[in-house]
Amino acid sequence: MRNLLFLSILALMISSCTVVRQGEVGVKRKFGKLNSNISDAGLISYNPFTTTVIKVPVRTVNQEVKLNLPSKEGLTIESEISILYSIEKDKVPFILEDVGTNYERVLIMNVFRSAAADVTAQYMAKDMHSGMRGQIENQIKDRMHESLLERGFVIEKVLMKSIQLPVELSRAIERKLQAEQEAQQMQYVLDRERQEAERRRIEAEGTRNAQMILAEGLVREIIELRSIEAFRELANSPNTKIIITDGKTPYLINSQKD
């Protein structure tokens, strides 16, 4: 009998305690009325016959949603989006009183669907698959933040993880990207050919200028002087030689050496 009484008391003590984990807060509800006091992480005791403890996470929560989004041209885009949000601890009792424990479906998801549809309807489908995705995410987050901040919800991030475009549109975008890459490659080839042609022109111009300078320097007096110097070198040479000129000018025409 004593053992039975001891076990009953132990069961009652265990059932009258609960643990609030790190990242959560607990709010007691007695006879249907919420207590405005918030219990932080730790062990909480309560009367299980009159009171229940509602645990609410105040850490960052990741809610993943699959949603069909409209585009500016009227297409339907399949998407998978993550909503990162948290709850202000001080406002947890008011959220439970106004909305209840199903606040995620009642508030967050409905506000998200409205904000996401309004924002994406202003963009072309291809924009959701390009560098404008970040801009779309920020606009959705800002709209949700404006609507939910006063209710105690902080929208931290909206991330478009997966965007599934219609098949024909995806193929059109791929063809466009391929055409752009080919055009860039062709432009590179043309630029390289222009640079090579310019190099050749500069080289030819330099060669021509050098030849013109050399031709301008070879005046008759210089040529005669060079010929006289050549005659003198031949005359001073110990080898037998025959020098033939035209009889009018001292130009060297031919020479022989023994």
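Modeller: Happy to! Helices (H or I, at least four residues) and strands (E, at least two) are DSSP runs, numbered from the N terminus, and two strands pair if DSSP finds at least two bridges between them. This is a predicted model, where local features need pLDDT of at least 70, side-chain atom pairs count only at pLDDT 80 or more, and totals for chains, interfaces and linings use all residues. Residues are numbered from 1 along each chain as its sequence is written, and side-chain values use heavy atoms, with hydrogens and water left out.

Colleague: Great. What is the strand order in the sheet with β7?

Modeller: The order is β6-β7-β8, an open sheet of three strands with antiparallel pairing. Its edge strands are β6 (61-70) and β8 (153-164), each pairing on one side only. Neighbouring strands there are turned by 25° on average, direction ignored; axes are lines fitted to C-alpha atoms, for helices over the stretch in contact, and angles run from 0 to 180 degrees between N-to-C directions.

Colleague: How many bridges link β6 and β7?

Modeller: Ten, with β7 covering residues 76-87. As one example, Lys66 has Glu80 in β7 as its bridge partner.

Colleague: And which strands does α3 touch?

Modeller: Helix α3 (residues 103-120) packs on the sheet and touches β6, β7 and β8, where contact means heavy atoms within 4.5 Å. The direction of α3 makes about 40° with that of β6. Helix α4 (residues 133-148) also packs on the sheet, touching β7 and β8, and its direction makes about 145° with that of β8.

Colleague: Switching topic: what about the sheet with β2?

Modeller: That open sheet of three strands runs β3-β2-β5, with antiparallel pairing. β3 (33-39) and β5 (51-57) are at the edges with a single partner strand each, so one side of each has no neighbour in the sheet. Four bridges join β2 (residues 24-30) to β3, and Val27 has Ile38 in β3 as its bridge partner.

Colleague: Now the inside. Which residues touch the most other members of the largest nonpolar core?

Modeller: Tyr85, Phe112, Ile140, Met144 and Phe153, out of 38 residues. Such a core is a set of buried Ala, Val, Leu, Ile, Met, Phe, Trp, Tyr and Cys residues joined through side-chain atoms within 4.5 Å; buried means under 20% relative accessible area, exposed over 50%, partly exposed in between (1.4 Å probe, protein chains only).

Colleague: Which element gives the most to this core?

Modeller: α3, with nine residues.
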